[in-house]
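This briefing is for a reader new to the structure. Please look through the sequence and the model before reading the points below.

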Amino acid sequence: MIVESPAKAKTIEKFLGKDFVVKSCYGHIRDLDKTDFGIDFKNNYEPRYIISADKEALVKELKKLAKSAEEIWLATDEDREGEAISWHLCEVLGLDAKKAKRIVFHEITKKAIQNAVANPRFINIDLVDAQQARRILDRIVGFELSPLLWRKINMKTSLSAGRVQSVAVRLIVEREQEIGKFSAQASFKITALFSLEDEKGKKYQLKAELPVKFEQEEDVQTFLQDCIGADFAVSAITVKPAKRTPSAPFTTSTLQQEASTKLGFSVSRTMLIAQKLYEEGHITYMRTDSVNLSQQAIEAAKSEIEKNYGERYVHTRQFKTKSSGAQEAHEAIRPTYMENAEVPGDNDAKRLYKLIWKRTMASQMADAELEKTIVDIHVSTRSEQLVAKGEVIKFDGFLKVYTEALEDESDDEATILPPLTVNMPLHLLEMEGAQKFSKPAARYTEASLVKKLEELGIGRPSTYAPTISTVQKREYVVKKDKDGIEREAIQYRISNKKVERHVVTETYGAERMKLFPTDLGILVTDFLTANFPQILDYSFTANVEEQFDEIAIGKREWHHMIDEFYKPFHKHLEVTTQTAQRVTGERILGVHPESGEPISVRMGKFGPMVVMGELLDPKEAKARGITTKPKFAGLLKTQNMQDITLEDALKLFELPKTIGTYRDDDVVVGVGRFGPYVRNTKKFYSIPKGTEAAAITLDEAIQLILEKDEKDKNKLIHDFPEHEIQVLNGLYGPYIKKGKDNFKIPKGTDAKALTLEEILQIVETTEPSGKGKRKFAKKK
């Protein structure tokens, strides 16, 4: 039996007898050849696959086992990727895909595995075709668009475009632009605090507010002034029953969202832990867009709820999947054994499992029964009425186990109102009119981006996490915190029967772990949106996903679908290659206060930079009599092209600068390709993240130098400067460094005992490795 992962193999092996050998193929064993796209465009887009170099030994072993085996069972995951892996195994191992025994299961339990073995099926070629179509289409888009980006956005780093990743970046860029254009609108909110006594003389307090907000300060002052000496009384009490219904069990996307909100996990972290829980047999398959539960799972949940909470808490229900294209698996993510409220493992695995267990149990529990109360408060001097609202939980139902989207479930306490009756007089303790400001749409978190992609129908359960990881890896998007900004706000209060005006300072706009577009991400998005609007169109991308779904159920032929996309796309690409201008995102910031030279910000080969002077062709510069060359300075990591000012740019031109001397040499600070640095005695020392190069002192620079030199000294085993040779301790053991070349030391050799002659012998007879590799001829 062949599965994808060793952990899955280990779990399944426990359930099968000695007749089975369970082996892992470690995911895909073949991929598209990178030569000529790996696609035969002249032969109906037929893919050309090659065995990955790192899988050759594994394939050899699997072939050997296959020859001696009586039967071969393919037990890869039941989604499209899993189906494709099984098909590739058939192709490589010489099996007939129409006869090979294919088994699927969405939980790794003894019963599920034995049931799957008893009911094998054949490979579903429609699922394979859907996966191939996605892979081929994404290869075409990536391999054709990326070289265009290299030419039009002249950078040393490799740029890439992808069908789904580019749309995800567009969402983040557009949200940032929306925030940039947002102008906060101010209004005033009236709140009041009253005291009251019941019939027995017991005192209570009641909070209330005005349902409408005032736009003008004068209106706030007038309202508060009118309330001085006014009579307040309860004019009406409205009590309404309400209920709260539990959410459906987890799909991939809702698990990612809830784990982010409640546990602080990134999307990729959630999937990594969920994969482990699945492979260890604790939960069902974790890539699914179905909210369905099997009847067996519902009965098991019912039994646990009755046992732990009583019969009143039971309300079994079957949720229906909203997505018409739900195809990844047949069940929601749930525990395999409902009686296990906890599982062994590390803390993160325990927390994620507990979240899944609670959500599943809650989905089969009774609604929470609430009582909502609205109290109207009459003001004798005004026509408006204040309102107090309260909520009481009469029966907690599923809330006994689970509350959705709260950091801490204990925070979900109902607001309980004191005993009130109509016409009851109220005594005013405090009243305030506080200035409030409207807020822009929030920046995306990883979880909210997944939610948006799902709403738009872009991507599928298996693509969310890789997409979000890719856009960050490509440096189109960065996940970071943002400090709040201080601003002044006006507050009016009634104090000593007078209306007082105060100006207070508040902090707003602080954000944690949000997704921000980089300058590069904005530039690439703007270029693609202008030149390939269809590729970045949300509806088009969602429609492509629907076409993949149709292929997966045999309603569409994949070659035809690729052809319909490719021919117009390729023709448009050829035109754009000839007509589109190179883009730099250049923005003029102003002129130098002394020299009068123009200062601009633009994207350069190594990233965003500021330029002093004009970037001219040599002939044009000569014709205009300009002899001075422009100066360049890279932006700090905390800066961006959209917000940088002329003042910020001028400070960057102060670097590199000499801040003193040490060891008879200048200590220079600057910002280079790899970030801010200190230079001394021809050696470079990286300045730690968070420390500004322009602000570093000589003492701090010397400390950096000493710490780095001490670290390097511990790495040094031998040093022969006259031969440019060092023996160093590396990450993977000792090695020899000669000039820019590195040489492996033979296994079993004591690096400390090596003599110069022995080191030279190794250098002469061994080919260099690593980044410094050069052409080398072994000497006989």
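Predicted model: local features only at pLDDT ≥ 70, side-chain atom pairs only at ≥ 80, totals over all residues.

Which residues form a nonpolar patch on the surface, with about 210 Å² of accessible area together? They are Ile-237, Val-239 and Val-422.

**Surface patch**
- One member of the patch with Ile-237 and Val-239 is Val-422, which lies in the loop between β13 (385-395) and β14 (425-437).

- Thr-270 belongs to helix α9, which covers residues 267-279.
- The relative accessibility of Thr-270 is 0%, and therefore Thr-270 counts as buried.
- With neighbours within four places in sequence left aside, Thr-270 is in contact with Leu-255, Gln-256, Ala-259, Phe-265 and Leu-352.

**Helix α14**
- Helix α14 takes in residues 519-531, 13 residues in number.
- At 1.5 Å a residue this helix should span 18 Å, and its end C-alpha atoms are 18 Å apart, so the two values agree.
- Helix α14 is mostly covered, as 10 of its 13 residues are buried.
- The buried residues are Asp-519, Leu-520, Gly-521, Ile-522, Leu-523, Val-524, Thr-525, Phe-527, Leu-528 and Asn-531.
- Their cover includes the helices α5 (125-152), α6 (163-181) and α16 (558-579).
- Strands β18 (511-517), β20 (598-604) and β21 (607-612) are also among what covers the buried residues of α14.

- Strand β23 (residues 657-662) runs antiparallel to strand β24 (residues 665-672), and five bridges join them.
- Across this pairing, Gly-660 stands opposite Val-667 in β24.
- The hairpin of β23 and β24 has two residues between the strands, and in this hairpin Arg-663 takes a positive phi near 55 degrees.
- Strand β24 is also joined by five bridges to strand β25 (residues 675-680), again in an antiparallel arrangement.
- Here Gly-672 stands opposite Gly-675 in β25.

- Ala-623 is placed in helix α17 (residues 618-623).
- Ala-623 counts as exposed because its relative accessibility is 68%, and exposed means over 50%.
- Ala-623 and Asp-481 are 142 residues apart along the chain, and their C-alpha atoms are separated by 49 Å.

Conventions: Residues numbered from 1 in each chain as written. Heavy atoms only, no water. Patch = residues over 30% accessible without salt bridge, like charges linked within 9 Å, V, L, I, M, F, W, Y side chains within 5 Å. Areas by Shrake-Rupley, 256 points an atom, 1.4 Å probe, with all protein chains shown as cover. Salt bridge = Lys/Arg side-chain N within 4 Å of Asp/Glu carboxyl O. Helix = DSSP H or I, 4+ residues; strand = E, 2+ residues; numbered from the N terminus. Buried < 20%, exposed > 50% of the residue type's maximum accessible area, 1.4 Å probe, protein only. Contact = heavy atoms within 4.5 Å. Expected span 1.5 Å × (residues − 1). Pairing = 2+ DSSP bridges.
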